[in-house]
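This briefing takes up a pair of packed helices and then a pocket. Please keep the sequence and the structure open while reading.

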Amino acid sequence: MFWDTLGPPRSPLPSATPFPSLIVRATGFAAQGAFAEAQAEFLDPDPEVVARLEALLRSREAGVVAHYYMDAELQGVLWACDWPHINISDSLVMADRGVDMARAGAKEIVVLGVDFMSENVRAILDASGFQQVGCWRVAEQPIGCSLAEAAESRAYAAWLEQAAATPNSLHVVYINTSLRTKAHAHHVVPTITCTSSNVVATVLQTFAQEPQAHVWFGPDTYMGQNLARLFATLLELGDDAIAALHPAHTSETIRALLPRFHYFEQGNCVVHHMFGAAVTDQVERDYYDSPTANVDVTAHLEVPGEMFALALRAQREGRGVVGSTKNILDHITAKLDAALAEPAVDPPRRLRFVLGTEAGMVTAIVRALRDRLAAAERATVEIEIIFPVAAQAVTTTGDTVLPIIPGVSGGEGCSTAGGCATCPYMKMNSLDALCDLLERLPAAGSSPSVDRAAVHRELAGYEPRKYGERIAGKTVAALGTEPILYMRGFQQTGSLPQQLLADLRAR
Ligand code: SF4
């Protein structure tokens, strides 16, 4: 463990350095602060380092599935390799890509992430008939996750028993949990997984399809509190804003669901907690309330937490907005139009906006602003988009103009908080650790005297945790995968699967 006690008091960021930002001009973009350094590391990896990693991967016929919260330098090196068996994604996709690599002939799969991710990859490889393919973590010691551990506690089991004793209960479990947790929980209470980007939709959809349901969210207490606060705050915004979030809901249905939304109260991830609180404190102190900073604060409706509350305050004071991506864009463009109508000044006037939204929504906003600025006759205004995240957090976009941006992607981790991208466990997945492990794996075509199985046995400490037990006749892997498949079903159809609802009603 990197820490003994979870949930420390609110503390300032390690250094209250300015947040990363992008300056949008008619002529293009400029990166500012730590983001510029991260961008350089990502876009210009050392060619010798890239060549060494690529040679190791080829010689071991090894694939790499990495979580997208690896640091920018490591991601940059991985992206620069020509070796086809490399994938960077969220934890749901990691296992599927590992199977694709095994099918294409990879003999080893190295997982860069925390332990519940490597367990998942191992289980899906086994379930797909690739038991002979090696699957590896890059450290012998646990690459833990404090949320995953919280869900394996007796307190969580007791909380689930309480849910099981309550009719119409659905357990919405955060993706950052082990397959064992998901399997045991699903055995006790009908369970669906969620990520930070679909948790609001999952909870609201449950109440839309099953108005009498009780929803039990865990194990992330911080996110649970934020969700409860978000739902209560929606009542202030009125029916139009609620409908924008979920068309089946009104003030009346939101008020009715509040007492039936429960969350686990002993499951803190210290990283989310520290950055969530400290980031918002910094936005408020150094930006919003600063007499010189002159910023507006915006937050997407789906961003739970203190950032949402601060943006709501800003909206009331005419210096911000909470709403959809379009509402945020409309707010910024209205301010831009007003500035463009004023007399030209030199240097150009800079408008500043704190953007509280998932990183995935940022590129559309930034590109729209650039187009609008480019179309204006006078380049007298520039816009600074400030990302309220820990400086180390960057994410890839798939966009050729803006390949990486500050922040974290939807999925695991807190959207405005730096989330798992700043986690010390995630940082155990270093480039050195990856290369060291690859060097110890048997090279393809090595002499027949090299006993591959013996080498694998020597590296047993690097293997993902395995589960031998069965629950109600099913393997832990099979039962633990069901809540994930329910989430996938919901993402594909927009409705909760009938089988899950039938289970909820039957128990
Ligand atoms: S930051 Fe993410 S990966 Fe790290 S302990 Fe917290 S939830 Fe787990």
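Helix H4 (residues 91-103) packs against helix H5 (residues 115-127) at an angle of about 40°, and their axes lie 9 Å apart. The model is predicted, so local features need pLDDT of at least 70 and side-chain atom pairs count only at pLDDT 80 or more, while totals for chains, interfaces and linings use all residues. Residues are numbered from 1 along each chain as its sequence is written, and side-chain values use heavy atoms, with hydrogens and water left out.

**Helix packing**
- From H4, Ser91, Met94, Ala95, Gly98, Val99 and Ala102 meet Phe116, Met117, Asn120, Val121, Ile124 and Leu125 of H5, where contact means heavy atoms within 4.5 Å.
- The contact of H4 with H5 comprises nine nonpolar and three polar residues, with no charged ones.

**Largest pocket**
- The largest pocket holds about 220 Å³ of space; a pocket is an open set of points on a 1 Å grid, found with a 1.4 Å probe, with protein on both sides within 12 Å along at least five of seven lines, and lining residues have an atom within 4 Å of a point.
- Among the 15 residues lining the largest pocket, Asp115, Glu119, Gly144, Glu149 and Arg465 are the closest to its centre.
- H5 provides the largest share of this lining, three residues, and both H5 and helix H6 (146-150) supply at least two residues each.
- By class, the lining of the largest pocket has seven charged, six nonpolar and two polar residues.

Conventions
Axes fitted to C-alpha atoms, helices over the stretch in contact; angles between N-to-C directions. Helix = DSSP H or I, 4+ residues; strand = E, 2+ residues; numbered from the N terminus. Nonpolar A, V, L, I, M, F, W, Y, C, P; charged D, E, K, R; others polar. Points joined across faces, edges and corners; volume = space filled by probe spheres on them.
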